[in-house]
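Please read it alongside the sequence and the coordinates.

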Amino acid sequence: MPERNLTRREVLTAVAAAGVASAWFPRAAVAQGSLANLAPEEPVDKTLQRLFGSRPIRDGASMINLELPLIAEDGGNVAMSVEVKSPMTPQSYVKAIYVLSDKNPRPLNAKFIFTPGSGQAYVATSLRLADTGDVRAVAEMQDGALLMVKRTVRVVVAGCAV
Amino acid sequence: MSALGEVKIRVPASVARGSIARARALVIHPNERVERKDGKSVDRNYRFVNRVVVSYAGRDVAEFDTSTSIGENPSFGFAFRANEAGTLKVTFFDTHGGRFEGAAEVKVG
């Protein structure tokens, strides 16, 4: 019979591993707003690198309409809208729009994911901007092509740490 | 004063069949921002909206992954294709397990 008794060390290791597993997973699920679950603090170039690797990003000025105020009185509430002029058919559509703020400690503000049922790759919301700087919109097409535009926004009162 | 989690959706009174309509959804929510102390971010469980799902007539049309960089009481304008009359549903999820849903009927004619 290949049966053998477990040593004390094996039992302790197994118990400790089970304890770690059961204690760790629920905590990770609850504490979703911790810094570890936010995008890392990094310069915008690093965010672009992390999101898109070395894929080429073309100038999207002819396709993307990014609207932002030239001067934002309150950085905590800056109206933004972005629209990509593209058909939204199952064969060709905009998969996602990424909005990044160069001067925010965590530059990725949001990722907006679309489907052909969206009809239009359009989204409007309000951003928090930490400081005067560029805001970028990167559109990802369903074939993986990337297009980008930027606008500079002058922020009068910062949106604080964001 | 509105209560946390209240969702408001604005849709056009009626839209033409097959056309593209725009709507706007808002949730009353603090969407907490990251605190800083001595130049370092304070690590705690911030409460902010991190996911928004838009569905129309039972099908998901868009999804937004959001962060603390969206303003307080997050609002989103978006588009959808109205091939048939149906319910536009917007669900906001936050990092404290909150789930806030709003719905509006869309008339197609």
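## Strand pairing and the contact between chains

In β4(A), A:L66 has A:V82 as its bridge partner, and β2(A) is joined to strand β4 of chain A (residues 78–84) by 4 bridges in an antiparallel arrangement. Strands are DSSP runs of E with at least two residues, helices are runs of H or I with at least four residues, and both are numbered from the N terminus; two strands count as paired if DSSP finds at least two bridges between them.

This is a predicted model, in which local features need pLDDT of at least 70 and side-chain atom pairs count only at pLDDT 80 or more, while totals for chains, interfaces and linings use all residues. Residues are numbered from 1 along each chain as its sequence is written, and chains are lettered from A and ligands numbered from 1 in the order in which they are written. The model scores ipTM 0.95 and pTM 0.86; for chain B the mean pLDDT (the predictor's confidence in each residue, from 0 to 100) is 95, with 99% of its residues at 70 or more.

Chain A contains 2 helices and 9 strands, and along the sequence its pattern is α-α-β-β-β-β-β-β-β-β-β.

The pairing of β2(A) belongs to an open sheet of 6 strands, in the order β2(A)-β4(A)-β7(A)-β7(B)-β2(B)-β1(B), with antiparallel pairing. Its edge strands, each pairing on one side only, are β2 (64–67) of chain A and β1 (7–10) of chain B. Where do the chains meet within this sheet? Strand β7 of chain A (residues 121–127) pairs with β7(B) over 2 bridges in the antiparallel sense, and A:V123 stands opposite B:F78 in β7(B).

Within chain B, 8 bridges join the antiparallel strands β8 (residues 86–94) and β9 (residues 99–106), with B:T87 opposite B:E105 in β9(B). The hairpin of β8(B) and β9(B) has 4 residues between the strands, and B:G97 there takes a positive phi near 85 degrees.

| Strand pair | Bridges |
|---|---|
| β2(A) and β4(A) | 4 bridges |
| β7(A) and β7(B) | 2 bridges |
| β8(B) and β9(B) | 8 bridges |

Two residues are in contact if their C-beta atoms, placed from the backbone, lie within 7 Å, and the contact between the chains takes 37 residues from chain B and 36 residues from chain A. On the side of chain B that touches chain A, the elements giving two or more residues are β5 (49–56), β6 (59–66) and β7 (75–82) of chain B, and the largest share, 8 residues, comes from β6(B).
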